[in-house]
Amino acid sequence: MQDKFGTRSVWAGEQDGFPEGSSQVPVYHTVTYGYEDLDHWYDVALGKAPGHIYSRNTNPTVKVLEDKMKDLEGAEAATCFATGMAAISNTLFTFLKPGDRVVSIKDSYGGTSKMFLDFLPDINVEVTLVETGDHEQMEAEIARGCQLVYLETPTNPTLKLVDIERLCKAARAQQAISVVDNTFATPVNQNPLALGADLVVHSATKFLGGHSDAMGGVLCGSKALVDKVYHYREITGATLHPMSAYLLIRGIKTLELRIARHNESAMKIAEFLNSQDKVSAVFYPGLPDHPHHEVAKRQMRGFGGMLSFSLHGGYEAVKALLPKLNYAHLAAHLGSVDTLAGPPKVTSHVETTPEERKQLGIPEGLIRYSVGIENVEDLIADLQQALDSLG
Ligand SMILES: *Cc1c(COP(=O)(O)O)cnc(C)c1O
């Protein structure tokens, strides 16, 4: 029987031990590596013997993170990147050529949207973005023919969901590659590959690292597909630094504990906010009245640490409330042990117009709240006093 998640997050990729009996992974601050002789060098270069050639391509510290992540996502292979956007852009540019077509959702992460709206059309890739959650429309667009289907669930900032199993099945029928951004859910709450996705991407900068001190990206999937993106990444040079890999490995060791806490606290905070007069709406997939709650229950083991809520007083109320919070960094970030809060109007969706935000269902008075691992009683008391101060 396979070990459970918490055990694997500590040990996966580390079971063979490290030089000098070191119990923790060494940070290999080296560009190159030596060999016994030229034959050995040649074998390593051809991939016939284990080893490393040049740290833009592979590095022993980074490899431990890749081995850990492929285990946690139930994948055959994984490769790492300097950032989440490096993982996403390298994946898209590896598989999409001029004349190809990609189908995705309107609510993908801001940087990913930029790829779909600017960079891919520039190389003559046709992009079709469907209303997030409209599965019939999505299936119809996929059935028109496409090379790649790109999903993200739950989404930012209104926590919409898409049915991974259903849409990946539609992609498969067209022989299109399906990619799922699993950043918000993490492998603790959701495994897209087990639901039929070909590839899963992460911004490791968020929950995986979990401490707001390192950036990174990860791609997991079959060896054949991951190898293709790896060979592209070797050349684009969007390589993860070994020091960041070390910090991400350390973060992942506590992933299960942290996510259990994020899940539990976010649910309590969502229920608390739902009972407040000054709050006009709460967006959290764990709430029974969330429009995609049934999908959430089917494909997620927990509902995650991200929620958002809007205030009756609109953006003026947001401006008054946020500075009153004692336990929230006001920052464009999420997924940390520290609570973070910010309005999408000035963070993820700063480049959209009020009309575009309205179309995406983002109220002007919306606050995105990334629940940290502080004690939930303190977070609720903090929100209570900030709401009370609105008068
Ligand atoms: C932050 C984020 C990204 C981009 O990751 P970076 O590490 O900032 O490049 C991609 N997808 C989602 C869902 C994110 O939250």
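1. Ground rules. This is a predicted model, in which local features need pLDDT of at least 70 and side-chain atom pairs count only at pLDDT 80 or more, while totals for chains, interfaces and linings use all residues. Residues are numbered from 1 along each chain as its sequence is written, and side-chain values use heavy atoms, with hydrogens and water left out.

2. Helix H10. Nine of the eleven residues of H10 (242-252) are buried, so the helix is largely enclosed by the rest of the structure. Buried means under 20% relative accessible area with a 1.4 Å probe, protein chains only; helices are DSSP runs (H or I) of at least four residues and strands (E) of at least two, numbered from the N terminus. Its cover includes helices H1 (5-11), H3 (60-72) and H11 (255-274).

3. H3 against H10. The two axes, lines fitted to C-alpha atoms over the stretch in contact, come within 8 Å and cross at roughly 35°. On the H3 side the contact (heavy atoms within 4.5 Å) involves residues including Val62, Leu65 and Met69, and on the H10 side Ala245, Leu248 and Ile249 are among them.

4. Strand S6. All five residues of S6 (199-203) are buried, so this strand too is largely enclosed by the rest of the structure. Leu199, Val201 and Ser203 point one way, Val200 and His202 the other.

5. Partners of S6. Pairing takes at least two DSSP bridges. Val201 is the bridge partner of Asp181 and stands opposite Leu219 in S7.

Note on methods
Buried < 20%, exposed > 50% of the residue type's maximum accessible area, 1.4 Å probe, protein only. Axes fitted to C-alpha atoms, helices over the stretch in contact; angles between N-to-C directions.
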